Amino acid sequence: MSILEVKDLRKRFGNNEVLKGIDLTLEKGEVLAVIGSSGGGKTTFLRCLNFLEKADSGEIVVNGNTVYRAVSGKEPEILPSAQLSFGLVFQQFNLFPQYSVKENLMLAPRLRAKRKDSAVPYKEALELIGKRADELLATVGLTEKADAYPCQLSGGQQQRVAIARALMLSPDILCFDEPTSALDPELTGEVLRVIRSLKNSERTMIIVTHEMEFARNVADKVIFISEGMIEEQGTPEEVFGSPKSEKTRAFLRSDS
Amino acid sequence: MALFLEVCSQLAGGFVTAFLLFLLTLIFSLPLGLLMSFCTMSKFAPLRVLFKIIVWVLRGTPLMLQIFAIFYLPGLLKWFVWPTMNTGWVWFDTTFTTRFIAALVAFVINYAAYFSEIFRGGIQSISQGQYEAGQVLGLTRREVFFKIVLLQVIKRIIPPMSNEIITLIKDTSLANTIGVLELIWEAKDFMVLDGLIWPLFIAGAFYLIFVGVLTIAFNKIEKKLDYFKA
């Protein structure tokens, strides 16, 4: 069973049809790179996956469960658990400025543990959450910054915190929205290295990116979105090496 | 010297009343203002328009007029509706407590309107990304607002808030128009009964000292929230 199936996802803003039917299947442990020129719909696609935008029609199926189903003109059905199937790392990091690095990681799991329907006693949960935060900070190489505040960190460090924060709730699919676009060129390397290090057979990732070299090296699968549709998809070798579509060729030429 | 002490002690009594009015107004108008700011930002148009109009009226008419309205209007309305049941023009009876309550109600409503606009400015200045980050982490809108957004809002609105709160302590003097025995009333008492002008200046000193204390307190809060940038 595929970990993610997207069926005919459509979205329009007023008269502007941004997504014209996206279909996609992703297997567990796969890394998908989404490329395309700005305004083509790739960020909207990612935002629809994370329910920051509600797709007008289409289905999102995670592990065989339909978590989102929308029919044009009707209120979409969203499974309560849908949100946590996905994690998202933003272009602008969006760390919570008043919380320390470790508190940024712990905030959401902590608040969830506090809720009445939580199975584990709060104290026990808190201990586990703290442990997990320490582990993830080590993963992104920021153990010594646990007590620092976001304003004391470089952009690259902030983005690594954001990645750790997104991993705290163990999403099935971790999404990245142009994770290095807001960074100074000399800081992109550390973030890309961390993302690459996350790759393993258990972790499924979708990365919207302008870093073609990175997409080529890390992704198992690449899709090129243009004018709201998947213009081309395949392995990195296929898409970058021998693109079939004229649009893809033009895009890749202009980029290099 | 004995006179000076007598003036000071009587003014101190007036100050306590003014301070009480100040404190109670803050306690009630801050949450009410927050609630009003949500209403003026509501997606439900009738509610939004209604509260925009309420804020417009409350900010667009003199506070003194509003104090009169709260104090006299209920009695007047009653007189129009049931003239036979009329017990006088003043619905709030004339004891000190009820006068104080009438003034308090006027202050709370008026200041809530001003605070609501300050809250609205602060809330709308927080980037959408903070809400989105909270949402993708599975937090409810309530959790996002109270655990993530609110402190950032507070940090941003402290300068305009301190301005408004400093104005409030001086505005309490308006309560003397309906006979609340606050600071200015007590000072005027000496002028009317004893022909003394200088107690008014002592009253001024009371306000000045209190505003000094407030200023220091706000600086402290600002410093305390200096540890993060928002």
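Start by selecting Ile118(B), which sits in helix α4 of chain B, residues 96–124 (helices are DSSP runs of H or I, at least four residues, numbered from the N terminus). This is a predicted model, where local features need pLDDT of at least 70, side-chain atom pairs count only at pLDDT 80 or more, and totals for chains, interfaces and linings use all residues. Residues are numbered from 1 along each chain as its sequence is written, and chains are lettered from A and ligands numbered from 1 in the order in which they are written.

Ile118(B) counts as buried because 21 other C-beta atoms lie within 10 Å; the cut-off is 20 or more, with C-beta atoms placed from the backbone. Now show its contacts (C-beta atoms within 7 Å): beyond neighbours within four places in sequence, they are Ile157(B), Pro160(B), Met161(B) and Glu164(B).

Next, colour the side of chain B that touches chain A: 18 residues of chain B are in contact with 19 of chain A. Helices α5 (128–136) and α6 (141–171) of chain B each supply at least two residues of that side, and α5(B) brings the largest share, 6 residues.

Last stop: the largest nonpolar core, with 121 residues. Such a core is a set of buried Ala, Val, Leu, Ile, Met, Phe, Trp, Tyr and Cys residues joined through C-beta atoms within 7 Å. Among those touching the most other members are Ile207(A) and Ala103(B), and α4(B) gives the most to this core, with 15 residues. Click Ile207(A): leaving out residues up to four places away in sequence, Ile207(A) touches Val31(A), Ala33(A), Val34(A), Phe176(A) and Ile195(A).

Terms used:
Buried ≥ 20, exposed ≤ 12 C-beta atoms within 10 Å, placed from the backbone. Contact = placed C-beta atoms within 7 Å.
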